[in-house]
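Thanks for asking me to look this one over. Here are my notes, point by point, to read with the model open beside you.

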Amino acid sequence: MKFEDLKLHPAILKALKDENYSEPTSIQAQAIPLVLERNDVLGSAQTGTGKTAAFAIPIIQHLINTTRHEKGKRQIKSLVVTPTRELAIQIGESFNAYGKYSNLQNTVIFGGVPQNPQVRQLQKGVDILVATPGRLLDLISQNYISLRDVKYFVLDEADRMLDMGFIHDINKLLKLLPKQRQSLFFSATMPTKILKLSQQILVNPKKVAVNPVSSTAETIQQHIYFTNKSDKKNLLLHILKNEELEQVLLFSRTKHGADRIVRNLRNKNIESAAIHGEKSQNQRQKALLRFKKGEIRVLVATDIAARGIDIDKLRYVINHDIPNEPETYVHRIGRCGRAGEEGVAISLCEPEENAYVKSIEKLIKLRIPVANNNPFPQTDKPMNASEKKEFEAEKKRKRQEFFENRNKKRGNQNPGFRRKRR
């Protein structure tokens, strides 16, 4: 199938040609005709399957056909809500690319940056708005945004939206949207809570499912190193001695862990940077831009910060920490080997993560090949139940002690300081 077979507007086909798009991916081939026929759509697809184009292209076509004779200030006709800044920016770039030969205007709004530039853009009038929930509701409350003219609503990455605690924001938005609208709902996973949410949003939806989360791309080579927790730092340096790993996206379980990895790498003159929730928007975008330009060899990310990262030709992903959710492993390694390219996923497993590996292998129905050239093999044993309970208690005690000391120090510096309730 070619994009021409989907009966798309000539302006869209011209833009797709500029992007070197010739054949739609599986989800695009299935979803675009359904959206063009004005069906609500429930889509299940992993990152990297071309999901954004699957909803952006038909929305642009709808708007080209319905807004060309309208006069006066542009009103928001299409709203796309997504969980992270990075993903919102990426979606906005896609709308710009596919709609470059149309007369449509879109803008992206998200928190963590001053609102005034975003407000000025909104006041000029936009047809398509891409937003994260918090900033969207904030600007609605200030009367800078009205949703009364929205005809096309997209909720993207719904599972991550719920993981990040946005369910209440979503429910608020649903009350503000017109009842008469076309709604598109996309999620990488479809647990019960996601299906219940979709039932609140969609009316008689058509279902589209491609590349289920239980599968990993055949183009990705997977390797695992079993090592000790204390040896992970040295093992990572050993792996990075291979100059073929020119550019690596590395996953850390925690924000503090990501920062610690970056410090260790920089001490060995390996240019690296971290992106996570405690980094400002400017810091995250700067790090991502430098990584795309090849100025940074290793970009260290947490899972939430990495959702929405789309880097062409990325070949290597390293799991410094094995995720405790098997589906997360599939999402992570899906960052490489995109669009039919080859990729390599390397995982470092400490004893306490051995059980996570078994769960991953059960999900993907594949035994992950064990790396042979491992100078730091796993010699420690996983803790038994009693040891683990004792370890967790000690970790909790140390964490509590850390916060108490920090708050005491802050209180001494500022007598008026009171710890905010979380």
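1. Let me begin with helix 3 (residues 51-67), which in this predicted model lies across strand 2 (78-81), strand 4 (128-131), strand 5 and strand 6. Its direction is at about 170° to strand 5. Axes here are lines fitted to C-alpha atoms, for helices over the stretch in contact, and angles run from 0 to 180 degrees between N-to-C directions. Contact means heavy atoms within 4.5 Å. Helices (H or I, at least four residues) and strands (E, at least two) are DSSP runs, numbered from the N terminus.

2. A word on ground rules. Residues are numbered from 1 along each chain as its sequence is written, and side-chain values use heavy atoms, with hydrogens and water left out. As this is a predicted model, local features need pLDDT of at least 70 and side-chain atom pairs count only at pLDDT 80 or more, while totals for chains, interfaces and linings use all residues.

3. How confident is the predictor? The mean pLDDT of the protein (the predictor's confidence in each residue, from 0 to 100) is 88, and 90% of the residues reach 70 or more. Please treat residues 417-422 separately: pLDDT is below 50 there, and the stretch has six contacts in the model beyond near neighbours in sequence.

4. Seven strands form an open sheet in the order 3-4-2-5-6-1-7, with parallel pairing; two strands pair if DSSP finds at least two bridges between them. At the edges are strand 3 (106-109) and strand 7 (206-209), each pairing on one side only. On average, neighbouring strands are turned by 15° against each other, direction ignored. Within this sheet, strand 5 (residues 152-155) and strand 6 (residues 182-187) pair in the parallel sense over four bridges, and Tyr152 stands opposite Gln182 in strand 6.

5. There is a second open sheet, with six strands in the order 8-13-12-9-11-10 and parallel pairing. Strand 8 (220-226) and strand 10 (272-275) are its edge strands, each pairing on one side only. The twist averages 20° from one strand to the next. Strand 9 (residues 248-251) and strand 12 (residues 316-319) run parallel and are joined by four bridges; Val248 has Tyr316 as its bridge partner in strand 12.

6. Helix 10 (residues 232-240) lies across strand 8, strand 9, strand 11, strand 12 and strand 13 (343-349), at about 155° to strand 13. Helix 15 (residues 354-364) lies across strand 8 and strand 13, and runs at about 155° to strand 8.

7. Now the aromatics, where the structure holds four pairs. Rings of Phe, Tyr and Trp (its six-membered ring) pair if their centres lie within 6.5 Å; planes under 30 degrees apart count as stacked, over 60 as edge-to-face and the rest as tilted. The Tyr21 and Tyr98 rings have centres 5.9 Å apart and planes at 50°, so this pair is tilted. Tyr21 lies in the loop between helix 1 (10-18) and helix 2 (26-36), and Tyr98 in helix 4 (residues 85-98), so the pair ties together parts that are 77 residues apart in sequence. Together with Phe3, Tyr21 and Tyr98 form one aromatic cluster.

8. Buried means under 20% relative accessible area, exposed over 50%, and partly exposed in between (1.4 Å probe, protein chains only).

9. Phe55 and Phe95 are both buried. Phe55 lies in helix 3 and Phe95 in helix 4, so their pair ties together parts that are 40 residues apart in sequence.

10. Pro133, in helix 6 (residues 133-141), is buried at 0% relative accessibility and touches Val81, Thr82, Met161, Phe166 and Asp169, not counting residues up to four places away in sequence. Thr302 is in the loop between strand 11 (298-301) and helix 13 (303-306) and counts as buried at 8%. Among the residues Thr302 touches, with the sequence neighbours up to four places away left out, are Phe251, Arg253 and His276.
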